[in-house]
Amino acid sequence: MRDYNLMRNMLVFIGCSDGDLNLVDFQRFGDVSAVRGELSRLRQEGLIESSMEFEPSYNNGTVKGLTEEGAAFLRDIEDDRVWALMAKTLEDAGLDLSYPLLKKVCETIVERYVMSKIPEI
């Protein structure tokens, strides 16, 4: 199953960087296999601009930054309160979601959270 906290942490890291990140720059996230898998997935889902490839072997590519879609998604999940709600929901569901559905879930959670703050008149 996808490690959603790893996904978020990597998106934040990439979003704060000046680009041209090498695999070594991602060592801070621990398990190299998990990092490689998440980098591949983020690239396939169109959230990062990257020339990294891991099959059949690592090609020494770099991560240039977030795509427009990746930056928009990061804005949705970077608030810690929103992320806590989303992480709890994803943990409870126990599913490995791809980005399009993950975005829908996030948007629904944010919408419900904001709507719950509107006072009754």
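This is a predicted model: local features need pLDDT of at least 70, side-chain atom pairs count only at pLDDT 80 or more; totals for chains, interfaces and linings use all residues.

User: What makes F13 and F29 a pair, and why is a geometry name attached to their planes?

Analyst: Rings of Phe, Tyr and Trp (its six-membered ring) pair if their centres lie within 6.5 Å; planes under 30 degrees apart are stacked, over 60 edge-to-face, and the rest tilted. The centres of F13 and F29 sit 5.6 Å apart with planes at 75°, so this pair is edge-to-face. The pair bridges distant parts of the chain, with F13 in helix α1 and F29 in the loop between α1 and α2, 16 residues apart.

User: Is F13 buried or exposed, and how do you know?

Analyst: Buried means under 20% relative accessible area, exposed over 50%, and partly exposed in between (1.4 Å probe, protein chains only). F13 has 16%, so it counts as buried. F29 has 21% and therefore counts as partly exposed.

User: Why are α1 and α4 given a relative direction, and which one?

Analyst: Their axes come within 10 Å and cross at roughly 150°. Angles under 35 degrees count as roughly parallel, over 145 as roughly antiparallel, 65 to 115 as roughly perpendicular and the rest as oblique. So α1 and α4 are roughly antiparallel. Axes here are lines fitted to C-alpha atoms, for helices over the stretch in contact, with angles from 0 to 180 degrees between N-to-C directions.

User: What makes K64 and D20 a salt bridge?

Analyst: The term needs a side-chain nitrogen of Lys or Arg within 4 Å of a carboxyl oxygen of Asp or Glu. For K64 and D20 the closest N and O atoms are 2.8 Å apart, so the pair qualifies. K64 lies in strand β2 and D20 in the loop between α1 and α2, so the bridge ties together parts 44 residues apart in sequence. Helices (H or I, at least four residues) and strands (E, at least two) are DSSP runs, numbered from the N terminus.

User: How many salt bridges are there?

Analyst: Eleven salt bridges. Another one joins D96 and R41, at 2.7 Å between the closest N and O atoms.

Terms used:
Residues are numbered from 1 along each chain as its sequence is written. Side-chain values use heavy atoms; hydrogens and water are left out.
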